[in-house]
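Work through the exercises below with the sequence and the three-dimensional model open side by side.

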Amino acid sequence: MNKILTKVFITGVLVGVFGVAIYFIGKDNDTPSHTGPEVIVRDFTEAMKTGDFEKARSLCDTSAMQEYLDAYMQKWETKSLKDSAAFASTVRILGETTIEIDKVDMLDGVCFIDYTLGLDGNIRKCHAGLKKEEGEWKVTEITDRN
């Protein structure tokens, strides 16, 4: 009985080691991860609602999105300076905003994503455009969707 348990244990360990080896062999650690456009839209939205503008910039085509980013950052700064306690409360509430991807379309290397932001029963329909730059998806536009 002990010999059978020992063989089962050794087999289990070998299978585990083999699985880990396959995982790391298949993973190329020298290349950046290729994240899909839906994840980029989610991450960009998360960065904007928490005020992580450095991360937001890294997820978008800054030349195409400069005006959008500047306007948002200016509003963020104005509101934070006006009443810091109220602003802190607003940031906590923004943190509860949900995002739901409604539709993803690809056309000539450009990805268009329709998504919905929701907070306490209020919704806002949005549209994002993304394109690949150096193998990574970058946000090129964010607009309201009718």
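**Exercise 1. Determine which residues Val139 is in contact with, leaving aside its neighbours within four places in sequence, and whether it is buried or exposed.**

Solution. Taking contact to mean heavy atoms within 4.5 Å, and leaving aside neighbours within four places in sequence, Val139 is in contact with Ile40, Phe44, Leu59, Cys60, Asp61, Met65, Gly129 and Leu130. Val139 lies in strand E4, where helices (H or I, at least four residues) and strands (E, at least two) are DSSP runs numbered from the N terminus. With buried meaning under 20% relative accessible area, exposed over 50% and partly exposed in between (1.4 Å probe, protein chains only), Val139 counts as buried because its relative accessibility is 0%. Finally, the C-alpha atoms of Val139 and Thr62 are 8.6 Å apart in space, although the two residues are 77 apart in sequence.

The model is predicted: local features need pLDDT of at least 70, side-chain atom pairs count only at pLDDT 80 or more, and totals for chains, interfaces and linings use all residues. Residues are numbered from 1 along each chain as its sequence is written, and side-chain values use heavy atoms, with hydrogens and water left out.

**Exercise 2. Identify the residues that touch the most other members of the largest nonpolar core, and the elements that supply this core.**

Solution. A nonpolar core is a set of buried Ala, Val, Leu, Ile, Met, Phe, Trp, Tyr and Cys residues joined through side-chain atoms within 4.5 Å. The largest such core has 25 residues, of which Phe44, Leu69, Tyr115, Leu130 and Val139 touch the most other members. At least two residues of this core come from each of helix H2 (37-50), helix H3 (53-58), helix H4 (62-82), strand E2 (110-119), E3 and E4, and H2 gives the most, with five residues. For Leu130, if residues up to four places away in sequence are not counted, the residues touched include Pro37, Ile40, Val41, Trp137 and Val139. In soluble globular proteins, nonpolar side chains tend to be buried together.

**Exercise 3. Describe how strands E3 and E4 are joined, and what is found in the turn between them.**

Solution. Two strands pair if DSSP finds at least two bridges between them; here eight bridges join E3 (residues 122-133) to E4 (residues 136-144), and the two strands run antiparallel. Glu134 counts as exposed because its relative accessibility is 82%. Asp120, in the loop between E2 and E3, likewise has a positive phi of about 50° without being a glycine, and Asp120 counts as exposed because its relative accessibility is 67%.

**Exercise 4. Find the side chain with which the side chain of His127 makes a polar contact.**

Solution. A polar contact is a pair of N or O atoms within 3.5 Å; within protein, one must be able to donate a hydrogen and the other to accept it, and residues adjacent in sequence count only if both atoms are side-chain atoms. His127, placed in strand E3, makes such a contact through its side chain with the side chain of Asp114, at 2.7 Å. Among the residues that His127 touches, not counting those up to four places away in sequence, are Phe112, Tyr115, Glu141 and Thr143.
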